[in-house]
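Hello,

Here is the structure you asked for. Please open it first, then read my notes below.

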Amino acid sequence: MRMNWVVLGAIILLIVENSVMPWIVPPGWSERLLPHLCFIMTLFVAGFGGRHPAFLCGLGFGLLQDLLSYGHLIGPYGFGMGLIGYLAGLASERKGMTIGFFIWIVLVGGVLLDTVVYSIYKLFGLTDLQYAYVFYWQVAPTALLQLLIALLMYVPVRKFLVKPSLSSGEESPE
Amino acid sequence: MRNKRLFILMIGLIVFIALMGFTLGRNRLTWPEKFLNDAFGTVQGVLYRPVGAVAEFFRDLDRLSAVYKENEQFRQTVAQYTQDQIKFNLLEADNKRLQEELNFTERQKNMDNYRYLIAQVVGSTSNPYERTITINLGSRDGVKPEMAIRTVDGLVGLVSKVKNFTSTVTLITDLNPSYSKGTPVSATFLGIPESFGIIEYDDETGTLQMTKIDEKDKPIAGDKVITSGLGSLFPKGIIVGTVKSSQVGDSGLTYTAIIEPAAKFNHLREVFVVVVPEVEEP
């Protein structure tokens, strides 16, 4: 992975997430579709770069995101994205990176991240919603949208961010 | 090896819980936080406004046919408004005269003279449990924590964190009296100035609720609800919304009204920061 470009890309994605995304989502769905673009980037890092870079990427950009939306507390996304980035890296190192597997990673990772964040807010008594409701209302649609965005990003990420290396057997079309 | 990994995870969990507990309900920010927020806020502003303008344009094209009808309504409203203006001027002059006669102090006279700072929204977050927006005014412009934020339509939220050039606004849909730092919005009906109720947001139905209304002030659908300024942070006289329906409250002695918020909370572009005149300490 070209880590410098990944960091730059993630910063741009974070800005897009906070300033462009709210306008693209139709008004009726604005509380349901809340895609985390930096998290998708973290999963790409996990898939192509391994678990340690993914952990650092998730931790750093999660904390940055928490800081930018700081209303009640800092930390849920930093924790969630770090942990899930690491787990996704671990899984993709075991199984190898294919697009079918990546789809599963994005779906399961998205659901897990929102679940972790929900649990933290529940733990601190900041939300009194039921999990089943949150899942139907926000987690599931968001995970599906994230999958769509991840698939759209797949080709550009492979093309521009993955270093062509012969040793790992990962060939990128250049 | 496995144990070591688990150990690190546990340590991480503890560190994060400590961090979250420490940052819970904190008001002062350190300079790195302010710097990062200001930097991102500024860059976001460059994107948010043009994108918003384009998105609004297409949305407006969509409802072009409704605009004629709306214009008609506006004309009627303006006519009504000029009528009210005359009445208002008379009442204000009267009020001033009475205040002079009763020897109000300068502070009491100025209590309701709010100043409005126009702010541009430069971003909104994708965290479902912290619905905050960022505005491009900060402590340099005189914004302080816990100032009320409104749009032309009505109350939107409360300034929660102030940086040098930007501020974070918590929407009223995120203020819940049961939270540790809860800020109940005390409200009153426009027609019945003595009435009292507390505004809460119900996550499940996505509506504002006004609870603890006295039984003699039965809410009627269509009543306008404004902030009362009694014992809360919000200055009085800001429109919150209109009553949609009402029911008997939990204890049976009070009413609960479902309120349609006057302001829309998504796709915000310009908001006003309400600056209440300072109380001079003697």
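Chain B splits into domain 1 (53–111) and domain 2 (112–275), with bounds from an automatic or database domain assignment. This is a predicted model: local features need pLDDT of at least 70, side-chain atom pairs count only at pLDDT 80 or more, and totals for chains, interfaces and linings use all residues. Residues are numbered from 1 along each chain as its sequence is written, chains are lettered from A and ligands numbered from 1 in the order written, and side-chain values use heavy atoms, without hydrogens and water.

The centres of domain 1 and domain 2 of chain B, taken over C-alpha atoms, are 19 Å apart. Six residues of domain 1 of chain B touch five of domain 2 of chain B (contact means heavy atoms within 4.5 Å).

How many salt bridges are there between domain 1 and domain 2 of chain B? The count is one. Arg269(B) pairs with Glu56(B), with the closest N and O atoms 3.9 Å apart. A salt bridge here is a side-chain nitrogen of Lys or Arg within 4 Å of a carboxyl oxygen of Asp or Glu.

Now the barrel. Six strands of chain B close it in the order β1-β2-β5-β4-β3-β12, with antiparallel pairing. Strands are DSSP runs (E, at least two residues), and helices are runs of H or I, at least four residues, numbered from the N terminus. Two strands pair if DSSP finds at least two bridges between them. Five bridges join β4(B) (residues 155–162) to β5(B) (residues 167–171). Val162(B) stands opposite Ser167(B) in β5(B).

Best wishes
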